[in-house]
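Subject: Structure handover and notes

Dear colleague,

I am passing on the structure below, together with some notes on what was found in it. Please read them alongside the coordinates.

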Protein chains: 2
Amino acid sequence: MATLQDIVYSASINLLSAIFFLLAFAILRLQPINDRVYFPKWYLKGIRASPTHSRASVSRFVNMDFRTYIRFLNWMPAAWRMPELELIDHAGLDSVVYIRIYLMGLKIFVPITILAFAVLVPVNWTGGTLERFKDLTFSDIDKLSISNIPPGSQRFCAHVLMSYVFTFWTLYVIYKEYKTTAVMRLQFLASESRRPDQFTVLVRNVPPDPDESVAEHVEHFFCVNHPDHYLSHQVVYNANNLANLVERKKTLLNWLTYHQNKYERNPSSKPTTKTGFCGLWGTRVDAIDYYTTEIEKLTEEEDKERERVINDPNAVVPAAFVSFRTRWGAAICAQTQQTSNPTIWLTERAPEPRDVYWDNLAIPYVELTIRRLLVAVALFFLIFFFMIPIAFVQSLASIEGIEKVFPFLKPIIEMKSIKSLVQGILPGIALKIFLVLLPIILMIMSKIEGFTSLSSLDRRSAVKYHLFLLVNVFVGSIVTGTAMDQLKTFLSQSATEIPKIIGVSIPLKATFFITYIMVDGWAAIAAEILRLVPLIMFHLKNTFLVKTDQDREQAMDPGCLDFATSEPRVQFYFLLGLVYAAVTPLLLPFIIVFFAFSYTVFRHQIINVYNQKYESGAAFWPDVHMRLIIGLLIAQLLLLGLISTREAGKLTLLLVALPVLTIWFHVFCKGRFESAFVKFPLQDAMVRDTLERATDPHLNLKLYLQDAYVHPVFKDGAVERPEILSEEEDNSLVPTTRNSQKSHSKYSSDVSSGVGS
Amino acid sequence: MATLQDIVYSASINLLSAIFFLLAFAILRLQPINDRVYFPKWYLKGIRASPTHSRASVSRFVNMDFRTYIRFLNWMPAAWRMPELELIDHAGLDSVVYIRIYLMGLKIFVPITILAFAVLVPVNWTGGTLERFKDLTFSDIDKLSISNIPPGSQRFCAHVLMSYVFTFWTLYVIYKEYKTTAVMRLQFLASESRRPDQFTVLVRNVPPDPDESVAEHVEHFFCVNHPDHYLSHQVVYNANNLANLVERKKTLLNWLTYHQNKYERNPSSKPTTKTGFCGLWGTRVDAIDYYTTEIEKLTEEEDKERERVINDPNAVVPAAFVSFRTRWGAAICAQTQQTSNPTIWLTERAPEPRDVYWDNLAIPYVELTIRRLLVAVALFFLIFFFMIPIAFVQSLASIEGIEKVFPFLKPIIEMKSIKSLVQGILPGIALKIFLVLLPIILMIMSKIEGFTSLSSLDRRSAVKYHLFLLVNVFVGSIVTGTAMDQLKTFLSQSATEIPKIIGVSIPLKATFFITYIMVDGWAAIAAEILRLVPLIMFHLKNTFLVKTDQDREQAMDPGCLDFATSEPRVQFYFLLGLVYAAVTPLLLPFIIVFFAFSYTVFRHQIINVYNQKYESGAAFWPDVHMRLIIGLLIAQLLLLGLISTREAGKLTLLLVALPVLTIWFHVFCKGRFESAFVKFPLQDAMVRDTLERATDPHLNLKLYLQDAYVHPVFKDGAVERPEILSEEEDNSLVPTTRNSQKSHSKYSSDVSSGVGS
């Protein structure tokens with residue numbers, strides 16, 4: 001068991017490495033050549049231009065102004081300085097609310113830490129159980145933890161009381177945060193400028209009609225059932241194949257540019273390539289010629305496919321984006337049920353155009369439910385049995401396995417020093433690769449589940465990742481053995497026994513988790529700000545592919561907040577903090593450092609680096625709240641289990657009320673706030689419609705919405721808009737959908753007067 | 001352990017008693033004097049008149065036509081004869097769908113029984129385990145059950161296979177039934193004539209406004225946010241106090257009539273009464289004078305209260321019934337969220353006027369969630385700890401307890417025969433009283449939860465009663481000991497151990513449940529048709545209270561289907577059937593007899609007797625479906641537990657897929673059908689609006705809806721409609737809400753053409 005000295009030692013090493021990362025970052029970010037790696041957001045905003053024009057040749061790449069190095073930490077106050085409203089404007093609500101999660105961590109844990117150190121640490125320290133057993137090895141950390149209290153002691157009162165205080169404080173903070181976030185979201189939605197998704201509803205599962213095309217059917221249906229509000233619609237083309245072709249062409253173009261650049265720099269040798277997979281096998285040919293002909297072929301194919309998609313009625317999927325005259329009309333259509341069969345004509349608020357996940361728009365209801373069943377079963381096996389394939393790979397990836405497949409490596413591997421190195425590293429590698437691949441696997445599973453927007457895909461993946469971390473990292477670290485073994489153990493244990501088993505091990509694992517926080521938390525955050533991978537990628541691209549400034553623009557990889565993996569990881573620290581708050585308060589300061597440091601780093605990143613792929617208006621907050629409640633429940637149950645083994649008698653019963661209260665609180669908050677994240681209220685829609693009618697009475701909404709929801713492959717500047725779309729829009733099948741706008745205008749004056757009342 | 005002979009004996013006794021009940025019913029129903037007890041529905045429909053006028057004096061009371069006695073069972077085919085559509089028209093959809101539950105029982109269990117007897121009974125019979133142990137006492141029933149299969153036998157394949165077949169058959173039947181019911185409901189809603197609730201939305205939690213009354217606030221809000229659709233509204237008065245006064249006055253009037261009748265029949269002695277509680281204590285006064293003055297006082301009080309309610313702005317609760325011009329407008333308002341705060345301006349489809357539970361319309365959100373928490377906790381204690389107060393009462397109600405309180409009874413009680421009788425009966429009485437009171441207690445708990453319609457109260461009480469039956473009757477009968485003991489046992493058992501413990505006891509309890517089915521099921525149904533309590537009550541009232549034919553009309557108590565208690569009981573038989581289908585198939589015929597008999601009896605009752613208090617359009621079906629799924633899951637888990645103790649190895653694993661499939665099936669059905677029971681689809685609303693506009697263009701909807709949602713105490717013919725209501729309706733606060741009906745009419749032609757497309 002680690003002593004306090006070990007922890008201090010480990011902490012200082014981790015602090016040093018973090019400081020090293022920060023120093024490296026401080027130096028690298030000041031070099032003009034890295035400007036596009038560390039400040040891409042400003043380039044994308046058009047505020048910052050390439051520093052290549054105005055400076056001398058050396059200082060184009062290296063910063064010679066040594067004064068700037070002295071203030072190497074000055075990015076921190078700079079990150080804190082931007083006010084929240086400006087930040088929302090600059091980075092979007094998603095990012096701002098995301099970093100508020102870290103701020104919430106501070107709000108929860110700073111008071112808890114102070115209280116815990118003021119009350120629980122003295123109580124534990126003077127408990128005096130561990131000293132009595134002279135032969136027992138124990139560390140100072142254990143003396144600070146609940147382990148030091150003798151069984152049956154009245155001192156457990158303090159822990160139970162503090163557990164109540166911690167719970168109520170946490171609930172209070174997350175209530176306030178839910179409220180604030182809901183208000184921020186509503187303000188954000190209200191203050192947003194006009195956006196296509198405000199007027200649009202995504203309609204899925206359009207039933208097939210033998211006499212009409214999908215477009216006609218949609219038009220008829222909404223003309224009949226939303227006569228006063230229907231404006232227009234856009235059908236969805238199944239352009240997945242086309243998108244693949246476009247993607248492949250882009251890769252080939254990159255290779256062509258690479259070889260052309262190579263040839264330009266060294267005209268003596270013509271670059272060659274092999275025709276096989278990745279240029280590794282096959283006959284050697286002239287690279288530039290090869291890629292040029294390949295691209296020509298692909299362009300031809302692409303044109304054919306594009307032609308097919310536009311003209312083939314089977315390429316239209318049974319889904320459509322239906323637009324309405326008013327936000328009010330769109331809001332009611334999204335929230336109501338259209339027909340008596342609730343599996344057809346499904347309507348929901350359209351995601352932002354860039355948030356649409358086009359591949360999933362056309363899944364029928366039965367298939368969807370089967371997909372979800374399969375993914376649920378697969379997730380279960382992934383979480384509890386993922387060690388089986390890894391163990392299999394590990395058994396293959398032994399020294400003997402390598403020697404069998406690559407006999408020529410035998411002499412090298414057999415060298416003693418290398419052998420031990422390989423033996424040490426190999427078993428871990430399969431696991432590491434799996435853990436790196438895990439978010440991708442989870443995202444694929446979410447895609448199979450059939451969600452239609454990138455933001456919902458991210459949210460679903462986060463749910464899965466959170467479960468995985470809970471079972472495999474949290475429980476897995478506390479109770480040794482694989483998740484499969486644990487599953488077996490827990491199935492054969494009673495409902496009251498499980499919290500006891502885990503609860504009892506909790507204090508023993510404190511040092512492990514402290515180290516975990518430093519290695520996984522602190523170091524990962526420091527690495528995050530250094531952006532090593534984008535740094536290397538940018539310089540590679542810059543060297544081989546970039547010709548023009550536009551190319552350089554494309555070579556930038558600003559990245560974005562990866563909600564699906566980073567949020568569940570943050571939740572893990574919340575869980576650790578809540579679990580250890582009443583057990584081993586010493587862990588709390590490390591959590592606080594993590595939250596403070598993360599907050600600063602991510603604030604810097606969303607200001608200077610990240611470029612969000614979509615803006616969901618903090619739609620993820622109900623999930624965050626839900627996971628906090630889960631963390632709180634786990635913490636309460638484990639404390640209950642722990643204390644029930646210490647002969648605390650009646651005190652245990654006192655703790656039973658906490659989970660009940662917490663679940664009730666969750667139900668309360670769900671009813672109180674959740675719909676703000678799901679539905680668009682009619683009052684707000686009406687206010688905005690009225691305002692717009694007053695400020696912009698001659699708006700041609702049809703024109704405005706015309707191209708909003710066209711598949712991105714049709715949006716490329718070079719490509720014409722498919723003709724059929726414009727045809728459809730002029731061909732108003734039911735003539736009466738026009739000129740009902742007049743009947744609205746007469747209400748506008750009353751509406752605006754009514755809003756004030 | 002009961003032998004087959006015991007069962008046959010018990011069955012014949014129960015059959016005989018059932019036949020006795022039926023005979024009694026057959027004779028009693030033919031007596032003209034009982035006509036209003038056994039055929040009240042026809043009186044209420046106005047088809048049947050009192051038989052007092054046309055016949056001779058004796059035959060007015062006793063049926064002398066002995067030929068009719070011969071065909072004493074001819075009510076059965078008569079009950080079956082009425083076709084379903086006519087039955088819906090006659091008794092309402094709720095009743096018809098309710099008896100379909102029994103029909104569904106037959107559909108599920110007849111094929112299962114045939115299969116089980118064809119496959120499982122031979123397999124079990126030849127299992128030959130029990131014969132091997134000569135010293136073991138076993139019965140023929142056990143030889144027919146799974147107990148007769150030796151551990152580790154391959155014969156378990158048959159049970160696993162049959163379990164799959166039974167599950168799939170059950171799922172198929174309940175899928176078909178869900179679908180049929182959904183279609184029936186939609187057709188019913190579509191074929192219904194115009195009803196106020198189609199146009200009306202119940203709005204709760206109207207926020208307080210310092211400048212406006214509730215009525216003005218509601219009018220303003222809906223004029224602004226539903227300008228094209230809002231028609232009118234009715235505020236809700238807190239008339240609970242007034243309703244109590246009216247109720248009390250009614251009781252006093254009854255007593256007055258009773259004494260007046262008594263006096264008329266025997267003018268020699270003036271009837272007297274005592275002024276205290278129930279006329280048991282207090283000074284003796286002249287009864288007629290006393291009640292007359294009491295009624296006068298009460299009438300005065302009532303008038304004052306009525307005045308107060310109408311004029312006091314505080315008597316208006318923050319809720320209202322808002323009516324719209326079209327069904328479409330009402331449908332969208334009910335399904336959408338009005339403001340960004342989802343706890344105010346809550347809208348839902350208005351219940352039918354007679355279905356409204358007026359007392360609960362004004363509960364604020366926070367109070368509502370707290371009430372639900374408290375009721376949930378109370379329900380938990382009621383289910384698991386109800387034995388504690390009963391045991392306490394039982395300890396008081398012992399011989400010694402009685403002797404202490406009523407010393408004068410001592411000599412009687414001490415007589416040996418009476419003593420043993422009292423000792424035998426007393427402990428049971430407290431429990432029996434509790435079980436009779438239970439549905440009332442559960443209904444009170446549902447009322448505290450704050451539901452706003454009688455139908456939802458019934459549904460919620462059914463959920464609670466089902467839970468109680470599951471825990472205390474099903475598990476309680478199988479595992480001996482009180483629910484509290486079981487809770488303790490199960491908390492200290494593992495998740496895999498619990499199905500094993502119960503599963504192993506399942507075959508042993510088969511004879512007990514067979515007896516239970518006969519005593520509780522068959523006998524209760526036979527008693528149901530006899531209607532002993534209403535029979536006695538009617539004749540009492542008829543003797544003492546009835547003066548005119550109108551009085552006799554009121555003395556009838558047709559009763560109604562009590563969904564809250566009878567449906568959970570039916571579910572209990574489904575559960576028994578599903579659990580024993582693969583374990584002891586001998587139980588199945590008893591279940592089938594129960595379902596067939598119940599179906600006939602209840603069909604007779606809804607045709608001739610019951611008068612439903614409300615019509616919810618079979619809104620309870622999702623609950624029925626849900627509970628069937630729960631029954632199926634329990635059956636599967638118990639079989640899994642049972643087979644896992646018989647060393648069946650891999651076969652156990654095969655069974656794990658069943659619960660997963662069942663849960664998935666539930667999710668699938670929920671998505672597919674549930675919204676038909678919750679939401680009113682826009683397409684249907686539009687079709688009905690269009691039709692109505694064509695058939696009845698000059699309908700004055702405002703007039704039609706004027707009085708629809710007035711509290712019943714204001715509806716008494718004698719009482720004037722409160723003036724304030726009519727004032728409000730003329731005082732259109734926002735003038736533009738009128739004359740927008742024109743803009744609709746121009747679409748009607750397109751709509752009707754579009755519906756066909």
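A residue is called buried here if 20 or more other C-beta atoms lie within 10 Å of its own C-beta atom. By that criterion nine of the nine residues of strand β5 (residues 316-324) of chain A are buried, so this strand is largely enclosed by the rest of the structure. Please keep in mind throughout that this is a predicted model.

Strands of chain A

Strand β5(A) pairs with β1(A) in the antiparallel sense, over four bridges, and within β5(A) it is A:Phe321 that stands opposite A:Leu202. Strand β2 (residues 230-237) of chain A also runs antiparallel to β5(A), to which it is joined by seven bridges, and here A:Tyr237 has A:Val316 of β5(A) as its bridge partner.

Sheet of chain B

In chain B there is an open sheet of four strands, which follow one another in the order β2-β5-β1-β6 with antiparallel pairing. The edges are taken by β2 (230-237) and β6 of chain B, each of which has a single partner strand, so one side of each is left without a neighbour in the sheet. Direction ignored, neighbouring strands of this sheet are turned against each other by 30 degrees on average. Strand β1 (residues 200-204) of chain B is paired with strand β5 (residues 316-324) of chain B in the antiparallel sense through four bridges, and the bridge partner of B:Val201 in β5(B) is B:Val322.

Nonpolar cores

The largest nonpolar core has 110 residues, and those with the most contacts inside it are B:Ile517, B:Leu576, B:Val579, B:Leu587, B:Ile591 and B:Leu639. Helix α7 (residues 93-125) of chain B gives the most to this core, with 13 residues. Apart from this core lies another, of 109 residues, which includes A:Ile108, A:Phe109, A:Tyr599 and A:Ile643. As for B:Ile591, the residues it touches, leaving aside those up to four places away in sequence, are B:Phe109, B:Ile517, B:Tyr573, B:Leu576 and B:Gly577.

Helices

The axes of α7(B) and helix α27 (residues 563-581) of chain B come within 11 Å and cross at roughly 10 degrees, and α7(B) and α27(B) are therefore roughly parallel to each other. Their contact is made by B:Tyr98, B:Ile101, B:Gly105, B:Phe109, B:Ile112 and B:Ala116 on the α7(B) side and by B:Phe563, B:Val570, B:Phe574, B:Gly577 and B:Ala581 on the α27(B) side.

In chain A, helix α9 (residues 156-191) and helix α28 (residues 621-644) pack at an angle of about 175 degrees, with their axes 11 Å apart, which makes α9(A) roughly antiparallel to α28(A). Among the residues that make this contact are A:Phe156, A:Ile174 and A:Tyr178 of α9(A), and A:Trp621, A:Leu632 and A:Ile643 of α28(A).

Helix α26 (residues 563-581) of chain A has 19 residues, which at 1.5 Å a residue should span 27 Å, and the 26 Å between its end C-alpha atoms agrees with this. This helix α26(A) is mostly covered, since 16 of its 19 residues are buried.

A:Asn205 has a positive phi of about 55 degrees although it is not a glycine; it lies in the loop between β1 (200-204) and α11 (214-225) of chain A, and with 19 other C-beta atoms within 10 Å it is partly exposed. Another residue other than glycine with a positive phi is B:Trp345, at a value near 50 degrees. B:Trp345 is placed in the loop between α15 (327-335) and β6 (346-349) of chain B, and it counts as buried, having 23 C-beta neighbours inside 10 Å.

Finally, A:Pro351 is found in the loop between β6 (346-349) and α15 (365-385) of chain A, where it is buried, with 24 other C-beta atoms within 10 Å. Although A:Pro351 and A:Tyr614 are 263 residues apart in sequence, their C-alpha atoms are 9.3 Å apart in space. Not counting residues up to four places away in sequence, A:Pro351 touches A:Asp197, A:Val356, A:Thr452, A:Ser453 and A:Ser455.

With best regards

Conventions: Residues are numbered from 1 along each chain as its sequence is written. Chains are lettered from A and ligands numbered from 1 in the order in which they are written. This is a predicted model: local features need pLDDT of at least 70, side-chain atom pairs count only at pLDDT 80 or more; totals for chains, interfaces and linings use all residues. A nonpolar core is a set of buried Ala, Val, Leu, Ile, Met, Phe, Trp, Tyr and Cys residues joined through C-beta atoms within 7 Å. A residue is buried if 20 or more other C-beta atoms lie within 10 Å of its own, exposed if 12 or fewer, and partly exposed in between; C-beta atoms are placed from the backbone. Helices (H or I, at least four residues) and strands (E, at least two) are DSSP runs, numbered from the N terminus. Two residues are in contact if their C-beta atoms, placed from the backbone, lie within 7 Å. Two strands pair if DSSP finds at least two bridges between them. Axes are lines fitted to C-alpha atoms, for helices over the stretch in contact, and angles run from 0 to 180 degrees between N-to-C directions. The expected span of a helix is 1.5 Å times one less than its number of residues. Angles under 35 degrees count as roughly parallel, over 145 as roughly antiparallel, 65 to 115 as roughly perpendicular and the rest as oblique.
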